[in-house]
Structure formats: structure tokens, C-alpha cells
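Morning, everyone. Let me put the model up.

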Amino acid sequence: MKSKKVTFADIAAYTGFSKTTISRYFNDPDSLTLENQQKIADALVALDYKENKVGRILASGKTEFVGVIIPNLYLHYYSEMLNQILATYEKYGYKFLVFAGNAQADVEQKYIEELLAYNIEGLITLSGTIPSKELAEYNVPVVGIEREDKYISSVNTDNYMGGVQAASLLKKSDCDILIHVNSDIPDDVPAAGRIRGFVDVCEENALPYELILTHLGDTFEENRERISALVDQFEEKYPGKKKGVFMPNDTHANVLLNILFQRYGKLPETYQIIGFDNSPISREAVIPLSTVGQQISVIANEAMDILSSQMAERKKRRPEPLKEPVHKIIPPILIRRETTA
């Protein structure tokens, strides 16, 4: 037989409190004394109370939903970051509604409207398609990760230091030419710091280098075709020279590694490769990849810490909104594996 659903009236009768007091326990527990909170908590255990989440949402208007927008799930960095964001549920108690925008502004705009229709309490975005000024105009707290962030709070890796670490490792590997492949990134996007850090090390140490700013595509097929063409270019331009290649992320570094293996049956001595992110593919590659590690779990937790603080503030009777966005910078960790000497 089905057990009877325990109601606020049942809890009130058991404890001797009013239904209003019971409601306050769920929606504003700090308004009750610790002693009364404990009495109600004990009653919930004794009565085997199962919380009605839908009813609570309807009563309070608070969904405990956070929206997440990521560019795609192909790049291993984004999938690992999403994994770490979802893992924060145990600590913060928020559930997540996730959309992949695929760098289409009109599509992401519809996704945000959909999320707002679900009454999300906050938004985390890794996509840079919609300007931060526009995101700041929505009536929810927003935290960005690795994107332009002038008008919203953010958590980013120290990309400049990451570029310095990558170039410095390739320098120690005695490469004849250092090559960095990346997109043509606007200066206000954090990842542009990787380019500046790489170039500064090369120029300060008079190291021969080449900067290749090109779009490598959004699918494996596009990546393979374009990176294979780059290898042809490297072989023609630098025959017999030791080439230190700093790729924009671990996914593209792994594609480069696979192309070289398929051509030569091994990683040639004339190549040194380093990626960026320390996503799982860097460890799972045919030869584990050296990489500039983003502290992905730390970034995810810091983003939720900032967001949860802002969401909690909005629930107060007299909330005090942020005067300025909060920006946190997380140091990268250089991880030396088998693709560098």
C-alpha cells in the first residue's frame, strides 16, 4: 500500500507549530531559532517526510536551476568543464539546464530565452558569441568562463602565463623553430593571452618562431583536414628542423599527434608537441601529451561560488547588487609528458 503523503499540516500537528512556521523552515530557515529548526528537522525524520520539489518551486518561485551555455561538446575542454560544473551539485545544490550554442548568436539567444522561461536563478556561459554587456542586462546573475567579461563576473585561467610556460618548455627542448597555432582571437578574450605569452618569450630570447592564426574547424573531419595541411606546410618550410608546436588545446594537439603517427608510425624526433587544458584526452592519447593544465575543477567551483553568492544575495529582503563584476584568475600548471623532451 502507498504510504500517506506527509503535508505541512501533519508536520505542524506533530510539532505544535503553525503551518506558517513550517513554511518558514523550508523557505527562510534563518528566521527561526536553531532550537525550532532542530525540532522541525527531527519531525521530518520521524514522519518520513519526502519533499515536494514542484510544490516548493510554485510556492517560492525559486527553481534552484542554473543555465549553462557551452560552445560545443566536441572539444574535450568543454565536456570536462561541463562535467566539473555538474559535479558541484553536491556542494551547492543547484541543478543545471545545459545548451550547446555552436557559436550561433541567434541560436544562443533562443536558448537564453528558453532558460529564462524556466525561471533559472543564474547563468554560466563559456560561449563568447553574445557580448557581456548584453548578458549583463538579463535579470539573473551571470558568470563567464574563458570569454570576454567586461560587464559580467568571470573565472579565467592566467592564459598569458600559460603561453609563457608552453614557449619556455619548447625552448628547453632545443627546438629549431617554435610554432603556435591558434585562432585570430580578439584582445578582450582571455585566450589571447596565450598568444602574447608565447610571442613575448620567443622575442625576449631571440627564438625563431612562427604564429599561425587560423580557424581549425568545428568538427573532427575539419580538424583533421586543416591540421594535416599544416603538417604539409611544416615539412615543406622546415625540413629536418626540430619543430616545437604549441597547439591551442588538447583536442587539436591530439589530432596533430595522430596525423604524425599515421604518417610515420611514431612521433618523429623532429616534432615536440604541447597542448592546452589538461583535458582527459591529453592523458589518453597514444602518447600522453604535454600540456598547460587549466585547473578545470577549481574553475568550475569558483564559478559556482561566485554565482551562488549572487543568487543568495538576490533572495534577501534587501539585496545589495554587485557594484562591479568579480573576476578571478586561476594559475595554470605545466604538465610535462612524453611529447616534449
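What is the strand order of the open sheet of six strands? The order is E7-E6-E8-E9-E10-E12, with mixed pairing. Strands here are DSSP runs of E, at least two residues, and helices are runs of H or I, at least four, numbered from the N terminus. Two strands pair if DSSP finds at least two bridges between them.

Some ground rules. This is a predicted model: local features need pLDDT of at least 70, side-chain atom pairs count only at pLDDT 80 or more, and totals for chains, interfaces and linings use all residues. Residues are numbered from 1 along each chain as its sequence is written, and side-chain values use heavy atoms, leaving out hydrogens and water.

E8 (243–246) and E9 (271–277) pair in the parallel sense, over four bridges. There, Phe-246 stands opposite Ile-274 in E9. Helix H11 (220–237) packs on the sheet and touches E6 (177–182), E7, E8 and E9. Contact means heavy atoms within 4.5 Å.

Now the cavity. On a 1 Å grid over the protein atoms alone, that is a set of points where a 1.4 Å probe fits but cannot get out; lining residues have an atom within 4 Å of a point. The structure holds one cavity of 30 Å³ or more. Volume means the space filled by probe spheres set on the points, which are joined across faces, edges and corners. The largest cavity has about 40 Å³. Its lining includes Ile-69, Glu-108 and Arg-147. Helix H7 (105–117) and strand E3 (122–125) are the elements giving two or more residues to that lining.

Conventions
On a 1 Å grid over the protein atoms alone, a cavity is a set of points where a 1.4 Å probe fits but cannot get out, and a pocket is an open set with protein on both sides within 12 Å along at least five of seven lines; lining residues have an atom within 4 Å of a point. Axes are lines fitted to C-alpha atoms, for helices over the stretch in contact, and angles run from 0 to 180 degrees between N-to-C directions.
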